[in-house]
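Hello,

Here is the structure I promised to pass on. Please open it beside this email and follow along.

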Amino acid sequence: MSILFSNPPWWENKESRGLFRKKRWRRGVRAGSRWPFTYIGRSSPDKSKTKDYIPYPYFLGYATTYVANKIDKDKVFFRDSIALSESYKSFYEYVDTIKDKIEYFLIESATPSWKHDFELIKEIKKKYPHFKIIVAGPISTSDQEWDMDIIHSILKGEYEKNVMKVLNGQSGLIEHDLLTLEEMNNAPFPYYDKLIYDKYYDGNPIPMNQLTPQAHLLTSRGCPFKCIFCVWPAAMTGNDPDGENKRSVRQYSSEYMDGFIDQLTNEYKFEAIYFDDDTFNIGNKHTQEISKVAGKYNIPWFAMCRADTCKKDTWVTMRDNGCKGVKIGIESGSQYVVDQIVNKHLDLNYTAQVVDHLRSLDMSVHGTFTYGLPGETKEQMLETKEFIKNTNFNTVQESGTAEIEGTPLHTLNKKELKNYPGASLNADYDRQKDGGKKWQSLVKSLQEN
């Protein structure tokens with residue numbers, strides 16, 4: 001048995017951008033992104049430029065080494081064409097070099113990329129008819145009819161164990177089978193090599209945007225919160241498309257993370273570490289322990305956080321151990337939207353206080369917001385603009401709300417959801433799958449005010 005874990009190219013077209021209307025390629029990111037989307041980047045096919053947003057493909061990377069640890073490692077291949085800014089031609093040239101060694105081909109996909117990816121899958125099956133194609137990622141939760149003449153297996157959720165089931169003879173739709181906490185902490189570290197280690201980049205928060213190469217890591221899997229649009233806790237690290245089941249978080253031990261960071265920093269030279277958990281700072285004990293581990297390596301580090309899941313003293317521990325900045329997911333500047341539509345239950349007044357506290361610690365704060373939620377009014381979107389204006393962020397991220405398979409937002413199209421009483425599919429709601437494109441359509445309307 002042999003397998004290629006692949007994150008194939010995703011290019012769309014050239015679009016004008018900037019004062020001089022220079023045409024640049026619209027490119028997509030899928031594996032590694034909670035909300036796959038397209039954006040106008042600096043790179044072009046086979047011409048990679050730094051500082052295009054490229055996340056590390058976590059589930060793909062972990063599954064690669066997990067399987068390699070179970071079978072002959074020489075029969076496990078990994079190709080991140082997104083990180084390489086690879087053209088389709090170069091991608092197929094690579095596959096041609098190993099086609100006789102490959103039996104299984106895995107791609108991780110989601111709603112925003114599925115139309116593109118299925119066309120690619122059909123082309124791959126045509127060129128390499130002996131490949132058994134495995135589809136993983138949030139698209140696996142779709143209730144569509146799968147073309148089983150083309151697709152061999154569909155894997156729901158994080159897929160280390162499910163890939164092994166396929167390699168051992170199973171096929172078709174395979175339900176969630178997550179790693180236990182013990183299995184997770186005994187699993188091998190995710191895949192890195194010299195070809196890709198320096199390709200991953202996230203421009204926020206500052207000063208991370210000036211630091212490259214960056215190591216993108218997870219210290220946990222899952223999140224107990226139930227934001228309406230959030231993909232991974234609903235579809236990948238859990239199975240909760242209605243937002244009504246219990247969600248949990250599994251945290252890597254400090255010993256596991258110490259070994260992982262030690263290995264990475266011994267093999268590669270990183271200028272920054274980014275902990276890209278759904279919520280890095282859940283609980284003071286874990287947050288403080290991981291902070292102290294990170295502090296041993298004397299590398300600036302950053303984390304994706306929530307404002308209200310640790311004590312203010314814990315932020316100090318983070319700062320004292322090398323944390324230079326954080327992202328904080330806020331979603332809206334309207335308390336009604338946060339509570340009744342998103343179901344985040346985050347106190348915005350307290351959040352503003354935490355931002356001030358972090359700035360007083362000389363940590364940068366990047367706030368993330370989304371617009372175009374179901375039932376959200378234009379006036380509420382403008383409340384978000386006002387909240388951003390009146391809060392002491394260094395930078396903010398504003399995006400359109402994407403509707404992706406497996407989330408309560410997608411389920412809302414089928415039934416009302418009790419945990420999201422303010423969410424409604426009114427005439428103004430745009431069922432856009434690509435948050436980048438949705439934001440473009442919203443910007444002009446908001447600027448008119």
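Start with one term: two strands count as paired if DSSP finds at least two bridges between them. In general, strands of a sheet pair through backbone hydrogen bonds, either parallel or antiparallel. Keep in mind that this model is predicted.

Now look at β8. There, S153 is the bridge partner of I134. Strand β7 (residues 132-136) and strand β8 (residues 151-155) run parallel, and three bridges join them.

Both strands belong to an open sheet of six strands. Its order is β5-β1-β6-β7-β8-β9, with parallel pairing. At the edges are β5 (76-80) and β9 (172-174), each of which pairs on one side only. On average, neighbouring strands are turned by 20° against each other, direction ignored. Helix α1 (residues 58-68) packs on this sheet. The helix touches β1 (3-7), β5 and β6 (104-108). Its direction makes about 170° with that of β1.

Next, the inside. The largest nonpolar core has 93 residues. Which of them touch the most other members? They are I3, F5, L106, Y159, L217 and F275. Helix α1 gives this core its largest share, seven residues. Take Y159 as an example. Leaving aside neighbours within four places in sequence, Y159 is in contact with F59, L60, A63, L106, E108, A136 and M236. Another core lies apart from the largest one.

Then the cysteines. How many disulfides are there? The count comes to zero. A disulfide is a covalent bond between the sulfur atoms of two cysteines.

Last, the aromatic rings. The whole structure holds 31 aromatic pairs. One of them is Y197 with F270. Their ring centres are 5.6 Å apart and their planes are at 85°, so this pair is edge-to-face. Y197 sits in the loop between α6 (181-186) and β10 (214-217). F270 sits in the loop between α8 (254-267) and β13 (272-275). The pair therefore ties together parts that are 73 residues apart in sequence. Both Y197 and F270 are buried.

Best wishes

Methods: Residues are numbered from 1 along each chain as its sequence is written. This is a predicted model: local features need pLDDT of at least 70, side-chain atom pairs count only at pLDDT 80 or more; totals for chains, interfaces and linings use all residues. Side-chain values use heavy atoms; hydrogens and water are left out. Helices (H or I, at least four residues) and strands (E, at least two) are DSSP runs, numbered from the N terminus. Axes are lines fitted to C-alpha atoms, for helices over the stretch in contact, and angles run from 0 to 180 degrees between N-to-C directions. Contact means heavy atoms within 4.5 Å. A nonpolar core is a set of buried Ala, Val, Leu, Ile, Met, Phe, Trp, Tyr and Cys residues joined through side-chain atoms within 4.5 Å. Buried means under 20% relative accessible area, exposed over 50%, partly exposed in between (1.4 Å probe, protein chains only). A disulfide is a pair of cysteine sulfur atoms within 2.5 Å. Rings of Phe, Tyr and Trp (its six-membered ring) pair if their centres lie within 6.5 Å; planes under 30 degrees apart count as stacked, over 60 as edge-to-face and the rest as tilted.
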